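Visitor: Could you walk me through this structure? I'd like to ask as we go along.

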Amino acid sequence: MTPSILVTDKSGAPMRGFLSSNQTYYYPVLLSEMSPWLIASVVAAEDKRFFYHSGVDVQAILRAGVQNVSSGKTVSGASTITQQLVRAIEPRPKTWRGKISEAYQAGQWEKTHTKEEILEDYFNRIEFGNLTQGVQAASQFYFGVDAADLSLAQAAFLVGLIKSPTRYNPLTHFARAKKRQEYVLSRLKNEEMIEEEMYQMALAEPIILQAQTRLFDAPHFMQFVRPLLPENVPQVRTTLDKELQLYAEKLVKTYISKLSEENITNAAIVIVENVTGAVLTYIGSADFHHARNQGQVDGVRALRQPGSALKPFVYGLAFEKKQLSPGTLIADEDTFFDDGFRPRNYDEKFHGLVSARSALACSYNVPAVKVAEKIGAPALLNLLHDVGFSELNRTADFYGLGLSLGNGEVQLLHLTNAYATLARGGNFKPLTVAWEPLVLLEGKPHRVLSEQTSYLVSHILADNQARAAAFGLNSALVVPFEMAAKTGTSKDYKDNFALGYTPRWTIGVWVGNFDASPMRRVSGVTGAGPLLHDLAVYMQQKYPSDPFHMPDGITQVQVCTQTGLLAGPSCKHTQEEVFLADNLPAVCDGKHQTNKNVRIVSPLDGDIYQYDTALPNSLQKINFVAVCAETKCAWKLDGKKWPQTSCSFWYPLEKGKHNAEVFCGGKTDTVHFEVLK
């Protein structure tokens, strides 16, 4: 019989028990690991001549026969411990033929086994009710202690259950079980195995049952891991952090309960320790037992479209191939690609010339597709395979350039480890789900991207200023420490993803519905983002992480924001940017300064802004940006002069229709926009 499997977290805290092949909780232990009171109690109550007979107690048979005949019914049995063991191993019918077979087999056991071996097998095989088989499982279930730590009173109580685990079930018939215990104690006293004082102390000791609902922690994780375990392993120490798991489960339930109006019913979470690849948290749904919301579906491994969550790998590959740098300018404009593919941005706007940094941080779609076109869909698909997306099993032609926008279905488990690959500096590592025995998921360690390329991607994803134009300065992705973060929303708002990582850990979050019904226009930053935020803050407290380390081979230089080239002496609009040291752009020749035109690039003409009721008014600001040849700009809002002279600044939102004018180098530009409340 294969034993039950006790599954613990990484520190040994119990989380789940899997039934034995006999469909019981069964944890075999050595005789030396059992309380001596168990042996004394069972011999006194069940077989006082155990150490003297050869498997069958003739005296007990004669005594039982006389008692049963004189009373006209069965009032006494004569089965020895050895016979009971034989019956537990191979049940027989309660007939004379069955009894004879049982007695014969008991005699054979006595010839081939010592009394100690028989007792050990007996205490491990006998059932104690409520799916407990063996004294270790019974001790843990009824009293919350190991068999070695049972007191005399507890040992006698358990031995009392052996006669009939159903009749004496302490959870339903405690008084019967207690009376049976008193009988066992009296047998111990009568057989002079204990003295009167010890007998009275045992009778007076309260029997406090610790029996609780069986542990059922991390159900989706347990279903996933169970088939991966080797046979005959009595205990498994997983990689989970039970405290973190329970915190995240509670957080998910609270979060989902507040979002019913947005038609969000479920969420899934994976948290990975980067260096080891250990899965610290695995939550497949908001409520495993919620049938209407399909709670038993495992959202960690369900195939969903990740949307923009794949964009970091698009830009990462372009950086690696030196076809792009964070400062490279890309035109975000209405563009037709092959087969009539015409992507739109989430905000339904185009933003003109934007840097690769801004395009990735703000998750603009058109620039991402343009970069994917440059590197090629086959190369992108190969990279995604390299970071673990084995489920992307169609051809590059099937996915096309839409792969850059997440049109292929992936698992949250693989998506989280792909981001952990970036956090590790470009090294892919298979995930680990158990330490003892060691259980690794598919894949072999290998380098996917250079450390320098990974740093460029992480630097952009951790840049709150760069994403502020799309998400605001105080979005859910902002935490009080350095964290790279990215969101993704699938087509028709059916899936939300939010990924965040530091050098030490990576968090993957999905929210949505298993029936594929769409959420009510909930984006990744407003849907999965708040969950990521709260988990990240908790993780930083529990697993503190340092900022990202800039590796050798990275250079920080000033670039001209109007050309994306290294700033020349005549460039007036510059900012610091990071580059691969061996992939620096040319120095700007300043010819763009001869262009005296001025242009407002934020807000764009016709933009409509909406107040976010979840944020204080002081944080509801618009980023005003003008491109011109001078270092200072003069502004007017609705015909009134502003005191600002910068060409780029933030200004609080005000309800209504507005027009903004900028004056620079003798030229002017005007845009009209609206703010809704």
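Guide: What follows is a talk about rings, strands and helices.

Guide: This is a predicted model, in which local features need pLDDT of at least 70 and side-chain atom pairs count only at pLDDT 80 or more, while totals for chains, interfaces and linings use all residues. Residues are numbered from 1 along each chain as its sequence is written, and side-chain values use heavy atoms, with hydrogens and water left out.

Visitor: OK, how many aromatic pairs does the structure hold?

Guide: The structure holds 27 aromatic pairs. Rings of Phe, Tyr and Trp (its six-membered ring) pair if their centres lie within 6.5 Å, and planes under 30 degrees apart count as stacked, over 60 as edge-to-face and the rest as tilted. One of the pairs is Phe313 with Tyr419, which is edge-to-face, at 5.5 Å centre to centre and with 90° between the planes.

Visitor: And which parts does the pair of Phe313 and Tyr419 tie together?

Guide: Phe313 lies in helix 12 (residues 311–320) and Tyr419 in helix 17 (residues 412–423), so the pair ties together parts that are 106 residues apart in sequence. Helices (H or I, at least four residues) and strands (E, at least two) are DSSP runs, numbered from the N terminus.

Visitor: Are Phe313 and Tyr419 buried or exposed?

Guide: Both Phe313 and Tyr419 are buried, where buried means under 20% relative accessible area, exposed over 50% and partly exposed in between (1.4 Å probe, protein chains only).

Visitor: What about Phe624 and Tyr651, why is that pair edge-to-face?

Guide: The ring centres of Phe624 and Tyr651 are 6.5 Å apart and their planes stand at 80°, so the pair is edge-to-face. Phe624 belongs to strand 22 (residues 621–627) and Tyr651 to strand 25 (residues 648–652), so that the pair links distant parts of the chain, 27 residues apart. Phe624 is buried, with a relative accessible area of 2%, whereas Tyr651 is partly exposed, with a value of 22%. Ring pairs also link Phe624 and Tyr651 into a cluster with Tyr609, Trp635, Trp642, Phe649 and Phe673.

Visitor: Which sheet has the order 20-22-25?

Guide: That is an open sheet of 3 strands with antiparallel pairing, where two strands pair if DSSP finds at least two bridges between them. Its edge strands are strand 20 (599–602) and strand 25, each of which pairs on one side only. Strand 20 and strand 22 pair in the antiparallel sense over 3 bridges, and the bridge partner of Ile600 in strand 22 is Ala626.

Visitor: Where does Thr613 lie?

Guide: Thr613 lies in the loop between strand 21 and strand 22, and Thr613 is exposed, with a relative accessible area of 80%.

Visitor: Changing topic, how many of the residues of strand 7 are buried?

Guide: In strand 7 (residues 266–273), 8 of its 8 residues are buried. Both faces are covered, with Asn266, Ala268, Val270 and Val272 on one side and Ala267, Ile269, Ile271 and Glu273 on the other.

Visitor: And what does strand 7 pair with, by bridges?

Guide: Strand 7 is joined by 8 bridges to strand 17 (residues 505–512), and the two run antiparallel, with Ile269 standing opposite Val509 in strand 17. Another 5 bridges join strand 7 to strand 8 (residues 278–283), again running antiparallel, and the bridge partner of Glu273 in strand 8 is Ala278. Strand 7 and strand 8 form a hairpin with 4 residues between them, and Gly277 in the turn has a positive phi of about 80°.

Visitor: Last one: where does the charged end of Arg394 sit?

Guide: The charged end of Arg394 sits over the ring of Phe398, 4.3 Å from its centre, and Arg214 lies over the face of Phe141, at 3.8 Å from the ring centre. A charge sits over a ring if NZ of Lys or CZ of Arg is within 6 Å of the ring centre and within 35 degrees of the ring normal.
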